[in-house]
Amino acid sequence: MKLKQLESLLGDLQQFSNPKVELEQYPTGPHIASRLLYTAENSFGDVSNKVVADFGCGCGTLGAAAALLGAEQVLAFDIDTESLELASENAEELELDINFVQCDISNLVWRGQIVDTVVMNPPFGTRKKGVDMDFLCVALKVASQAVYSLHKTSTRDHVRRAALRDFNASSAEVLCELQFDVPQLYKFHKKKEVNIAVDLWRFVPKRNQGKVL
Amino acid sequence: MRLLTHNMLLSNIKGVTNGFPLLIEVEKVIEKPVDFNPDFLKNMFLKADWKALVDASRSLGYAELPEETPESSAIDSDDFLRKFHHALLELHLEEGALVCPETERKFPVTKGIPNMLLHEDEV
């Protein structure tokens with residue numbers, strides 16, 4: 001599938017109608033989502049025929065993109081019932097078969113090495129401090145091959161240090177810097193639209209040898 | 001929820017030392033066909049917890065998988081792979097619950113989605 005086609009399909013997905021500010025619900029736009037998954041597949045082969053997990057799936061954009069690029073099985077996790085309903089509708093709309101789980105990623109307990117790749121656009125931690133690191137920590141425990149994640153460019157050094165020193169990553173690479181356009185979603189948003197510089201990261205976990213986490 | 005997912009989920013309640021596998025309470029099971037991919041299945045066979053899969057598939061009404069963990073040569077059999085495929089990927093618990101083996105606390109499954117959210121006192 002071509003990048004343009006993927007981006008176009010993702011652009012048809014329904015977004016949050018009543019986003020919850022305390023969960024930092026922002027849709028991952030089709031521009032970023034398509035590029036994230038396209039890079040994961042074309043540069044690293046981390047998607048097709050793999051088991052891919054989307055952490056904090058929201059409306060399900062990243063998981064859908066993984067399925068469209070040939071992931072064998074996609075698991076999508078979110079804490080919010082309404083998001084999961086929306087993501088389910090979106091999956092059905094595109095005739096995708098996605099495995100949804102409702103949970104809090106911070107206390108997810110997971111067995112084994114079945115998940116190959118984790119993709120995520122985690123909350124940045126503006127509401128619940130440190131939640132972006134919680135997501136990264138769990139992602140590096142669950143993924144057996146690679147983690148793709150978006151974090152604010154301003155946190156780059158902190159993210160690299162945490163991943164390599166604390167979360168058992170054998171490598172942490174910024175693949176590119178992107179502009180995340182945040183639309184005026186919430187009442188406290190003064191501007192019509194803001195661009196936030198984000199890094200697209202690829203982390204590789206050290207081998208976990210199939211322990212329970 | 002398919003059994004692939006069940007094979008990875010544990011009870012995450014504070015203090016529980018052995019939260020795997022979750023027991024299954026069935027209200028509604030459905031079957032959805034999935035394309036047969038032998039290479040993927042052979043890979044999964046190495047990673048799946050066999051006992052958890054057999055017990056779970058029996059809870060869902062499918063009794064074709066052998067109790068004892070098959071030898072690795074089993075994956076050369078098309079017949080075996082198809083049964084494994086069916087149990088792992090095509091059976092869905094649509095409504096019911098997953099039950100913590102230690103505390104018996106139920107995690108509801110609604111429209112095929114398990115709800116693993118913990119109450120405040122369980123975290």
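Which residues gather in a patch of negative charge on the surface? Let's start there, then look at the rest of this predicted model.

## The acidic patch

The patch is formed by D12(A), E85(A), E89(A), E92(A), E93(A) and E95(A). Such patches take residues with over 30% relative accessible area and no salt bridge, joining like charges within 9 Å. Asp and Glu count as negative, and the charge is placed at CG of Asp or CD of Glu.

One member, E92(A), sits in helix 4 (residues 81-93) of chain A. E92(A) counts as exposed because its relative accessibility is 65%; exposed means over 50% relative accessible area, buried under 20% and partly exposed in between, with a 1.4 Å probe and protein chains only.

## Chain A as a whole

Chain A contains six helices and seven strands, in the order α-α-β-α-β-α-β-β-α-β-α-β-β from the N terminus. These are DSSP runs: H or I of at least four residues for helices, E of at least two for strands.

The C-alpha trace of chain A spans about 45 × 35 × 30 Å along its principal axes, and 56% of its 213 residues are buried.

## Salt bridges

Over all chains, the whole structure holds 16 salt bridges, each a side-chain nitrogen of Lys or Arg within 4 Å of a carboxyl oxygen of Asp or Glu. One of them joins R156(A) and E177(A) at 3.3 Å, N to O. R156(A) lies in helix 6 (residues 156-166) and E177(A) in strand 6 (residues 169-183) of chain A, so this pair ties together parts 21 residues apart in sequence. R156(A) is partly exposed at 26% relative accessibility, as is E177(A) at 48%. Also in chain A, a network of salt bridges links K20(A), D80(A) and E82(A).

In chain B, D79(B) and K83(B) pair at 3.3 Å, N to O. Both belong to helix 4 (residues 78-90) of chain B; being four residues apart, they are separated by about one helical turn. Another salt bridge joins E67(B) to R58(B) at 3.4 Å, N to O.

## Reading the numbers

Residues are numbered from 1 along each chain as its sequence is written, with chains lettered from A and ligands numbered from 1 in the order written. Local features need pLDDT of at least 70 and side-chain atom pairs 80 or more, while totals for chains, interfaces and linings use all residues; side-chain values use heavy atoms, leaving out hydrogens and water.

Note on methods. Patch = residues over 30% accessible without salt bridge, like charges linked within 9 Å, V, L, I, M, F, W, Y side chains within 5 Å. Areas by Shrake-Rupley, 256 points an atom, 1.4 Å probe, with all protein chains shown as cover.
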